[in-house]
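Hi everyone, thanks for making time this morning.

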Amino acid sequence: MKNPQGVDTGRRGLIGAMIPAERKSVVKTIARVHVTYHQAACTGGVMRTLKNILVTGGAGFIGSNFIRYLFERVGFPGAIVNVDKLTYAGNPESLDDIRQSYGGQYHFEHADIGDFERMRDILARYDIDTVVNFAAESHVDRSIFGPKDFVQSNIVGTFTLLEAVRAHWGKRRDTLFHHVSTDEVYGSLGETGAFYETTPYDPRSPYSASKAASDHLVMAYHHTYELAVTISNCSNNYGPYQFPEKLIPLMIMNLREGKPLPVYGDGRQVRDWLHVDDHNSAVWLIMNRGANGETYNIGGENERENIWIVHTLCEAMARITGNSVDSYKRLITHVADRPGHDRRYAINCDKIKGALGWTRAVAFDAGLESTIRWYLANDAWVNRVRSGEYRNWIERNYGKR
Ligand code: NAD
Ligand code: TYD
């Protein structure tokens, strides 16, 4: 069955939305990642056995892809408990097929990480030995309009989760708390240079400040209470199931609907882009092999100006639909800049590559094209996340620019 864009909707997921040749090449690269992963896992150093994992924020973009990755790619044999508050960004339907296929291992708990009693109960009930904390308010523009939720979920929420873990695990040594963070904690770069794990924190937005605070709390619990922790700081992700408020899915949606493509300021700001599956392979590797108390940067080594991304999306969209590139490019509209807009991010990820043998599997052009195809093929998912709340947000953020 095909949708109006001529894309086959009969298959699900990133790979399902690809044409056969693309699918073959991605399956090959995934196989290569597994070989790399197993090689790294066999080279000595830390080797954890993770049994029952609590994934927070697992109904969001990266968390849902992470759960899918563990079941479908890794073949994780233990239990995965997805704790999510289901904010506007959380959609449990993203994992409907996983629930059906892995019902015995996959459990969903609708809860706030800031609820100490619920967290302690869930940790005990599922005998959790590993926590991976994706839950957060994640959108910079929303943090500018309303920072309070960011302080509450990202700082108080992480603190409460750490307290629940400390109360439940006590002095146990067979546990791990992995905290998922962002490169934005390091601030903004000029024309040159990159963020290292040793770069001093210099957050500029309420979002990045709240993530920085949570990183510090996690490290403080390691030093003070001997909690086993790892932290990852990753650059901008893209891929399927990303809420269409972020640059790439927002532009894809607007291209599809012939709406203006709002580029903030001059569009010359630089972000480093990484496919979500490559982020998740890195997180999983760190959880298994990362040294206790260490931070690892994760990046795409793929720096692009925003305006370049928008032009590239126009060109890819024209290739896929057969419409003219100009009909898309004329939608590009420069709008008022984001206040305090960070100019450039760039990640040095030599540490995870050297110490743990991590490599990326998804080339940017193939990843971008498969992401476009995924959004075109998954109308139902897109339509359901674009609730009244989403429409209000579009009006608030873009209406007065
Ligand atoms: P997202 O907004 O798509 O998903 C966040 C999820 O967390 C949602 O399902 C939401 O309902 C849930 N959540 C929010 N507050 C909660 C709370 N108090 N209790 C329980 N659940 C709660 O975000 P994402 O893009 O998937 O990001 C996930 C994590 O990765 C975040 O910590 C973010 O800071 C980090 N990160 C994201 C990127 C990126 O490019 N998206 C890059 C680096 C790091
Ligand atoms: P975004 O996806 O919000 O991620 P982040 O702010 O965490 O990097 O934005 C990526 C870049 O794209 C950022 O420089 C802001 C810019 N941008 C636009 O130019 N227009 C838009 O409509 C959006 C959402 C972002």
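Seven strands build an open sheet here, in the order S3-S2-S1-S4-S5-S6-S10, with parallel pairing. Strands are DSSP runs of E with at least two residues, helices are runs of H or I with at least four, and both are numbered from the N terminus; two strands pair if DSSP finds at least two bridges between them. At the edges sit strand S3 (106-110) and strand S10 (294-298), each pairing on one side only. From one strand to the next, the twist averages 20°.

A word on what you're seeing: this is a predicted model, where local features need pLDDT of at least 70 and side-chain atom pairs count only at pLDDT 80 or more, while totals for chains, interfaces and linings use all residues. Residues are numbered from 1 along each chain as its sequence is written, and chains are lettered from A and ligands numbered from 1 in the order in which they are written.

Back to the sheet. S1 (52-56) and S4 (130-133) pair in the parallel sense over 4 bridges, and Leu 54 has Val 131 of S4 as its bridge partner.

Now, ligand 2. Its surroundings include Val 140, Asn 236, Lys 246, Tyr 264, Arg 271 and Arg 338, where near means a C-beta atom, placed from the backbone, within 6 Å. Which strand gives the most to this shell? That is S8, with 3 residues. Helix H9 (247-257) and strand S8 (261-264) each supply at least two.

Terms used:
Axes are lines fitted to C-alpha atoms, for helices over the stretch in contact, and angles run from 0 to 180 degrees between N-to-C directions.
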